[in-house]
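User: Hello! I am new to this structure and would like a friendly walk through it. Could you show it to me and then take my questions?

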Amino acid sequence: MLFEIGVLGAVIGSFVNVVSMREAKGEDFVHGRSYCPHCHHSLCAWDLLPILSFLFLRGKCRYCKQSISIRYFLVEIVFTVLFILVALLRQPTDILGYYFCTMCMLIALMDVDSYEIDLRILLGLITVGFCIRLDSVEGAILSMVAGLVLYITVYGVGMWIWKEEVFGMGDVYFLAALGSYFSPSQILFIGLLSFVIGGGVVIGWMILSKRNQLYAKIPFAPFISISALLTYLFSIQWF
Ligand SMILES: [Zn+2]
């Protein structure tokens, strides 16, 4: 059972990766055939097996021998691990868990690829979140407001101190949307954890690259996604 769930995760991960990269380039991800970004040769089924094709081809295109980005492989592995964790830590039949992981990863990847969070995807996330909490809609709304207030406060303080955005408004909406899945205390925990993880990554990167200033714009949604996935998978109750 775990094996099938892992395979499902890899297949969905492969698809989500392509959706994010094609969206960023403004390409059609439903009809367009997969092709090598170097030689533009269209790829056959054997070249598109999640995880396995990358290993068999040793990370190189079959036709032009140029390197394939390791990102395909890594994203497929992460999806496989996430799906197996849902089955182990929650339940193998936790469809909502698979959906939640997929959406969090999609939003994180799209932020990495295009620095944008698609509001339609957030609406989809909220709609499903409300459907599973029909018995406590007020609870869902309260959590969304808690998320919104926390991030808008930090956003405002950041603007006041540094005169620039510490994260985008898309991130504010993302945390608020996550409120539909969590309790108010959990959403505050996710918000605070995202700063700890994001801050840790930025400081680590500055130490490793021996820089004392941040030049690159950093997508923040991945840190929110990691925090939300940890809280969801391990059912973290803060207080
Ligand atoms: Zn090629």
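This is a predicted model: local features need pLDDT of at least 70, side-chain atom pairs count only at pLDDT 80 or more; totals for chains, interfaces and linings use all residues.

User: How do α1 and α4 run relative to each other, roughly parallel or roughly antiparallel?

Analyst: Helix α1 covers residues 2-24 and helix α4 covers residues 95-114, and their axes cross at roughly 30°. An angle under 35 degrees counts as roughly parallel. The two helices α1 and α4 are therefore roughly parallel.

User: Which handedness does the crossing of α1 and α4 have, and how many charged residues are in their contact?

Analyst: The crossing of α1 past α4 is right-handed. On the α1 side the contact includes Ile-5, Ile-12 and Glu-23, and on the α4 side it includes Tyr-98, Leu-109 and Asp-113. Sorted by class, this contact of α1 with α4 holds 10 nonpolar and four polar residues, and the number of charged residues is two.

User: How do α4 and α5 run relative to each other, roughly parallel or roughly antiparallel?

Analyst: Helix α5 spans residues 119-131, and its axis comes within 11 Å of that of α4, with a crossing at roughly 160°. Angles over 145 degrees count as roughly antiparallel. So α4 and α5 are roughly antiparallel.

User: What residue classes make up the contact of α4 with α5?

Analyst: Here α4 passes α5 in a left-handed crossing. Among the residues in contact are Leu-96, Tyr-99 and Met-103 of α4, facing Ile-121, Gly-124 and Val-128 of α5. No charged residue takes part in the contact of α4 with α5, and the classes found are one polar and 10 nonpolar.

User: How do α4 and α9 run relative to each other, and how many nonpolar residues are in their contact?

Analyst: The axes of α4 and helix α9 (residues 221-233) come within 8 Å and cross at roughly 165°, so α4 and α9 are roughly antiparallel. This crossing is left-handed. Residues such as Phe-100, Cys-104 and Asp-111 of α4 meet Pro-222, Leu-229 and Tyr-232 of α9, among others. The contact of α4 with α9 has one charged and two polar residues, and the nonpolar count is 12.

User: Which residues are the protein donors of the zinc ion, and what is the geometry of its site?

Analyst: Each donor is an SG atom 2.3 Å from the zinc ion, and the residues are Cys-36, Cys-39, Cys-61 and Cys-64. Along the chain they follow the spacing C-x2-C-x21-C-x2-C. The angles among the four donor atoms are 104 to 118°, and the geometry of the site is tetrahedral.

Terms used
Residues are numbered from 1 along each chain as its sequence is written. Side-chain values use heavy atoms; hydrogens and water are left out. Axes are lines fitted to C-alpha atoms, for helices over the stretch in contact, and angles run from 0 to 180 degrees between N-to-C directions. Helices (H or I, at least four residues) and strands (E, at least two) are DSSP runs, numbered from the N terminus. Angles under 35 degrees count as roughly parallel, over 145 as roughly antiparallel, 65 to 115 as roughly perpendicular and the rest as oblique. A crossing is left-handed if the near helix is turned anticlockwise from the far one by less than a right angle, and right-handed if clockwise. Contact means heavy atoms within 4.5 Å. Ala, Val, Leu, Ile, Met, Phe, Trp, Tyr, Cys and Pro count as nonpolar, Asp, Glu, Lys and Arg as charged, and the others, Gly among them, as polar. Donors are N, O and S atoms within 2.8 Å of the metal (3.2 Å for Na, K and Ca); water is not among the atoms, so sites may look incomplete. Four donors count as tetrahedral if all angles lie between 85 and 135 degrees; four count as square planar and six as octahedral if opposite donors are over 155 degrees apart and all others between 65 and 115; anything else is irregular.
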